[in-house]
Amino acid sequence: WSFRPDYFMYNFLGAIKDGSLVFSDSHGAPYRLDLQTGELIWKNGPAGSQPVEAYRTTGGAIVGPNGVVYVTSNAKTPAGDASGYATAFNFADGKRLWRAATEYAANNAASIGEIVNGRLGLILGIGDNPDPPLPLL
């Protein structure tokens, strides 16, 4: 099967859970597909149903042990810069649960794990993407 998201893919970082593939496109919009058929189960905007001027991201999507999909994305600020976001979506239906801004662009997938007494911590690496490496001479 094949699938074409609404926006191009770059630095693909997907997650597999319960026979599904979860990923986000370059604008931070999450998708959940059936792994066997490629059929779309759900998709949502980078901020859920909230309108946002998305800005290219090289982030990704992960699924936490709590059944929540965490997506990193960027949006344009009034000054024209990129501000990063971590957004949580329900794995079952794609509904947005929460969204938190970061001070700088979010250009990689988050990491999640237990930090203390069963509590989960979400970690993001933030900042501009570095320049591409120089060619070898």
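Select Asn74, which sits in strand S8, residues 68–76. The model is predicted. Is Asn74 buried or exposed? Asn74 counts as buried, because its relative accessibility is 2% and the cut-off for buried is under 20%.

Stay on this side chain and show its polar partners. One of its polar atoms lies 2.7 Å from the backbone nitrogen of Ala106. The side chain of Asn107 makes a polar contact with the side chain of Asn74, at 3.1 Å.

Now display the surroundings. Leaving out residues up to four places away in sequence, Asn74 touches Ala54, Tyr55, Arg56, Thr57, Ala82, Ser83, Gly84, Ala105, Ala106 and Asn107.

Next, select the largest nonpolar core. Its nine residues are Ala15, Val22, Trp42, Ala61, Val63, Val69, Val71, Phe89 and Phe91. Two elements each give two or more residues to this core: strand S7 (61–63) and S8. In soluble globular proteins, nonpolar side chains tend to be buried together.

Centre on Ala61, a member of that core. Beyond four places in sequence, Ala61 touches Leu13, Gly14, Ala15, Val22, Phe23, Ser24, Val69, Tyr70 and Val71.

Last stop: the cavity. How many cavities of 30 Å³ or more does the structure hold? There is one. The volume of the largest cavity is about 30 Å³. To see its lining, select Met9, Tyr10, Ser24, Asp25, Ser26, Thr57, Thr58 and Gly59. By class, that lining has two nonpolar, five polar and one charged residues.

Notes: Residues numbered from 1 in each chain as written. Predicted model: local features only at pLDDT ≥ 70, side-chain atom pairs only at ≥ 80, totals over all residues. Heavy atoms only, no water. Helix = DSSP H or I, 4+ residues; strand = E, 2+ residues; numbered from the N terminus. Buried < 20%, exposed > 50% of the residue type's maximum accessible area, 1.4 Å probe, protein only. Polar contact = N/O pair within 3.5 Å; in protein donor to acceptor, adjacent residues only side chain to side chain. Contact = heavy atoms within 4.5 Å. Core = buried A, V, L, I, M, F, W, Y, C linked by side-chain atoms within 4.5 Å. 1 Å grid on protein atoms, 1.4 Å probe; cavity = no way out; pocket = protein on both sides within 12 Å on 5 of 7 lines; lining within 4 Å. Points joined across faces, edges and corners; volume = space filled by probe spheres on them. Nonpolar A, V, L, I, M, F, W, Y, C, P; charged D, E, K, R; others polar.
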